[in-house]
Amino acid sequence: GGMSSNMYVDAPGNPPTQQQIDMINQATGSNYSITNPGYAIKAGASGFSARVFGGMSFNILILKLGLGVSYEFFSGSFAGMMNARIQF
């Protein structure tokens with residue numbers, strides 16, 4: 001699994017110039033370069049996980065509001081979810 005990106009300043013298909021990248025780096029405190037204009041996130045997975053889920057919902061006439069949480073035991077990661085829907 002993973003994710004990658006490309007950086008465009010004007011319109012899709014027009015990569016930034018070094019001067020534009022220098023301005024972005026100065027404004028954001030980043031260190032992009034022409035050779036590395038994007039980012040990549042890659043993560044491995046063991047193929048097994050154990051999670052616990054919990055949540056609650058509030059029903060106000062036709063409005064349904066939901067809150068939920070999950071915890072993954074092996075990585076120790078938490079997640080929170082919130083949703084709203086109208087149900088007739």
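These are my notebook entries on one chain, whose model is predicted.

**Entry 1: the overall layout**

I began by listing the elements. I found one helix and five strands in the chain. Starting at the N terminus, I read them off in the order β-α-β-β-β-β. Next I looked up how much of the chain is covered. The chain has 88 residues, and 11% of them count as buried.

**Entry 2**

Which strands form the open sheet, and in what order? I found three of them, running β3-β4-β5 with antiparallel pairing. β3 (51-60) and β5 (77-86) are the edge strands; each has a single partner, so one side of each has no neighbour in the sheet. From one strand to the next, I get an average twist of 10°.

I then went through the pairings. β3 pairs with β4 in the antiparallel sense, over 10 bridges. Strand β4, residues 63-72, also pairs with β5, again antiparallel and over 10 bridges.

I picked out a few partners to follow on the model:

- I60 has L63 of β4 as its bridge partner.
- G54 is bridged to V69 in β4.
- G66 is bridged to N83 in β5.
- L65 stands opposite A84 in β5.

Is β3 tucked away or in the open? Of its 10 residues, the number buried is zero, so β3 lies largely in the open.

Then I looked at the turns. The hairpin of β3 and β4 has two residues between the strands. L61 sits in that loop between β3 and β4.

I wanted to see how β4 is covered. In a regular strand, side chains alternate between the two faces of the sheet. For β4, I listed K64, G66, G68, S70 and E72 on the covered face. The uncovered face has L63, L65, L67, V69 and Y71.

S70 is in strand β4. Is S70 buried or exposed? S70 counts as buried, because its relative accessibility is 11%, and the cut-off for buried is under 20%. Leaving aside neighbours within four places in sequence, S70 touches V52, F53, S77, F78, A79 and M81.

L65 is placed in strand β4. L65 counts as partly exposed, with 30% relative accessibility. V69 lies in strand β4 too. Again leaving aside neighbours within four places in sequence, V69 is in contact with V52, F53, G54, A79, G80 and M81. I also looked up the separation of V69 and M82, which are 13 residues apart along the chain; their C-alpha atoms are 8.9 Å apart.

**Entry 2: a nonpolar patch**

Which residues make the nonpolar patch? I wrote down M56, F58, I60, L61, I62, L63, L65, L67, M82, I86 and F88. The patch covers about 1200 Å². β3, β4 and β5 each supply at least two of its residues.

Some names came back from earlier entries. L61, the loop residue between β3 and β4, is one of the patch residues.

Terms used
Residues are numbered from 1 along each chain as its sequence is written. This is a predicted model: local features need pLDDT of at least 70, side-chain atom pairs count only at pLDDT 80 or more; totals for chains, interfaces and linings use all residues. Side-chain values use heavy atoms; hydrogens and water are left out. Two strands pair if DSSP finds at least two bridges between them. Helices (H or I, at least four residues) and strands (E, at least two) are DSSP runs, numbered from the N terminus. Axes are lines fitted to C-alpha atoms, for helices over the stretch in contact, and angles run from 0 to 180 degrees between N-to-C directions. Buried means under 20% relative accessible area, exposed over 50%, partly exposed in between (1.4 Å probe, protein chains only). Patches are made of residues with over 30% relative accessible area and no salt bridge: like charges are joined within 9 Å, nonpolar side chains (Val, Leu, Ile, Met, Phe, Trp, Tyr) within 5 Å. Accessible areas come from the Shrake-Rupley method with a 1.4 Å probe; for residues, only the protein chains shown count as cover. A salt bridge is a side-chain nitrogen of Lys or Arg within 4 Å of a carboxyl oxygen of Asp or Glu. Contact means heavy atoms within 4.5 Å.
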